[in-house]
2 protein chains.
Amino acid sequence: MDEVRVRLPGREYGIYIGCGVLAGLGKLAGQLGFGNRMLVISDTNVGPLYSEKALESLREAGFTAELVTVHPGEDSKSLTVAQKLFGDAIRLGLDRRSAIVALGGGVVGDLAGFIAATYLRGVPLVQVPTSLLAQVDSSVGGKVAVNHPLGKNLIGAFHQPRLVVADTAALSTLSERELSTGLAEVVKHGIIADAHFFEFLEKNHAAVMAREEAAMTRIVRRSCEIKAGVVEQDEKESHLRMILNFGHTIGHAVEAGGGFGRYSHGEAVAIGIHGACLISHYLNFCSEQTLRRICSVLESYGLPIRAQGLDQDELAVFISRDKKSLGGTISWVLLKDIGTVSVCNEVPDEVVRRALRAVT
Amino acid sequence: MDEVRVRLPGREYGIYIGCGVLAGLGKLAGQLGFGNRMLVISDTNVGPLYSEKALESLREAGFTAELVTVHPGEDSKSLTVAQKLFGDAIRLGLDRRSAIVALGGGVVGDLAGFIAATYLRGVPLVQVPTSLLAQVDSSVGGKVAVNHPLGKNLIGAFHQPRLVVADTAALSTLSERELSTGLAEVVKHGIIADAHFFEFLEKNHAAVMAREEAAMTRIVRRSCEIKAGVVEQDEKESHLRMILNFGHTIGHAVEAGGGFGRYSHGEAVAIGIHGACLISHYLNFCSEQTLRRICSVLESYGLPIRAQGLDQDELAVFISRDKKSLGGTISWVLLKDIGTVSVCNEVPDEVVRRALRAVT
């Protein structure tokens, strides 16, 4: 079992990574001083696969844990579903010391995290991410949210988990596409912070795609280390944390442009990474060779680098809408070299348009 | 204009108190680095009285401020109303630097505070309390919440305001009953922390009840100082902050027992203070003379000290429900002498029953 510590003042927590670590959930939770009752939130895809093992481990450790499942998918990240889950928490008699356990992918983590952030003004949260995307990204760092009919993730909080248990055995049940969507964020971590890790990803795509245990543990651990390092320095995204949004500006536009169904989050981010690299290259921040290496890694992990069929004008509109909602400035994360990025608030419109043309 | 500073690390803020300070709202807000757009949330009672002055002051200071009003009363503290207000914030293009302004009493402060705590994972909050209860209690300290159909204030956050502007001129439009409900918390502040202030309240009830400017400014300022002092030491109610709940254990039961309409919050707290003093006296913590002084002050401010007609068995049931939802222990705040209280987790049931019998 590997352990990554996230060192935030007064709220330090551990991420436990490895094959089969789910069986140790109860024991790990038992060391944290939680109250006896627990609510485990999952969805109807993940629940049947892993809830029995999770509940058994928690009950063996002496917890009274109850399972509630929601429909899979983004629609469950709503205030309506949250209202129902608050009701479950109240009926089960959860108090301030009771933990909420998120067992599932990014949607379950965000939703259960929002419940934990706001029930009784905040109760402990345990993340048990079962998708690669959740293990390498969304379960770490404390961003939780639900959607509003007018936009995604607009209602939320920064609420750090008290414990993250990432069982790489769960990755074996993911579809190819679900695996790839997580790998986009893994590649991103290499690009923004660690050239050596990026080289590992270049050389080991066969082992990763075959989901070999050692490779999976390494990519989850290193991703968590990189993300934790950034979050420790800038928990609430004042500045440095923005580098985690590398590839996400165009990525969000691609997700929206495809109606949030055509491209998964990771696929859209891969296209966005390509776009951000193009912009960096057009501005002479990075070499063409760097650009080519990145495209080649993304493609080797089964990720698209172009949103064929999407309209570049439409993407530009989505970007300008994001810009408006961010108070008039977009912080573009640009690439200097693999492992080194910087935040830039001014990119000429024609450069952005040129990149959009190239990725559509 | 009086100023009280709340010194929380990295989130220090000022409470500005005095007759007519509302006119300076824009200028005070202008010093805090907020974004240009603002959403002012009020209700249909308070809005017509003070929103014009508030908006004018904000606009003169260069802000683009829009007003949204909700129905007065506890029913507006719901996720349904919150969902509508999030929509207003989105449509107005509020970004992370935009402030939410709560203009009204406790309900508006709690609701608008919840919006500010969760919109885009937290935006700045400005409290402009217009009731005495909000000025001396709910606008300070960062507790915000909405209700769930199964219970009050169960969904919320700790989200400190960036600025509080308490215009004592607004107190002139309150009904006698609204004034009294705030005075219960003022008396509580004297009892838990300042014997000298309690004496002032004993001697000056005529000036306070006549709402004389100097007296009102003094009671608001001293209440804010006492509450700020407690919150600075224990923001999230781990221990010390519990002393602010003096009188609230029985008080909550009285509110619930009366169906949340028969007794106002302050009236219920006054009865609860009487109950807590009786328990303290039965346990030989405080003298009968102290008990009599407190009852006499409460009555001089038009507050009830008994819930005539309520059933003591029913009150006991509400208390045991609270106990269950708090994880099995109630932290009773007991009185030693005026100005000195302590938290006690064990009070024999028969002592509680004796006090309940005496206050019904």
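User: How many aromatic pairs does the count come to over all chains?

Analyst: In this predicted model, the count comes to 2 aromatic pairs over all chains.

User: Why is the pair formed by F197(A) and F200(A) called stacked?

Analyst: Rings pair if their centres lie within 6.5 Å, and planes under 30 degrees apart count as stacked. The centres of F197(A) and F200(A) are 6.3 Å apart and their planes stand at 10 degrees, so the pair is stacked. In chain B, F197(B) and F200(B) likewise form a stacked aromatic pair, with 6.3 Å from centre to centre and 10 degrees between the planes.

User: Where do these phenylalanines lie, and are they buried or exposed?

Analyst: F197(A) and F200(A) both lie in helix α7 of chain A, which covers residues 195–203, and they are 3 residues apart, about one turn of the helix. Both F197(A) and F200(A) are buried, a term that stands for under 20% relative accessible area. In chain B, helix α7 (residues 195–203) holds F197(B) and F200(B), again 3 residues apart, and F197(B) and F200(B) are buried too.

User: What makes R218(A) a charge over the ring of F200(A)?

Analyst: The rule asks for CZ of Arg within 6 Å of the ring centre and within 35 degrees of the ring normal. R218(A) lies over the face of F200(A), at 4.1 Å from the ring centre. In chain B, R354(B) lies over the face of Y282(B), at 3.7 Å from the ring centre.

User: Which residues have the most contacts inside the largest nonpolar core?

Analyst: The largest nonpolar core has 82 residues, and those with the most contacts inside it are I219(B) and F246(B). Helix α11 of chain B, residues 265–282, gives the most to this core, with 10 residues. Leaving aside residues up to four places away in sequence, I219(B) touches several residues, including L132(B), V136(B), F197(B) and F200(B). A second, separate core has 81 residues, among them L174(A), L201(A), A228(A) and L291(A).

User: How do you know that the two copies are related as by a two-fold rotation axis?

Analyst: Chain A is superposed on chain B by a rotation of 180 degrees with 0.0 Å of shift along its axis, at an RMSD of 0.0 Å. The two copies are therefore related as by a two-fold rotation axis. In chain A, the C-alpha nearest the axis belongs to L79(A), 3.5 Å from it.

How values were computed: Residues numbered from 1 in each chain as written. Chains lettered and ligands numbered in written order. Predicted model: local features only at pLDDT ≥ 70, side-chain atom pairs only at ≥ 80, totals over all residues. Heavy atoms only, no water. Least-squares fit on C-alpha atoms with pLDDT ≥ 70 in both. Phe/Tyr/Trp six-rings, centres within 6.5 Å; stacked < 30°, edge-to-face > 60°. Helix = DSSP H or I, 4+ residues; strand = E, 2+ residues; numbered from the N terminus. Buried < 20%, exposed > 50% of the residue type's maximum accessible area, 1.4 Å probe, protein only. Core = buried A, V, L, I, M, F, W, Y, C linked by side-chain atoms within 4.5 Å. Contact = heavy atoms within 4.5 Å.
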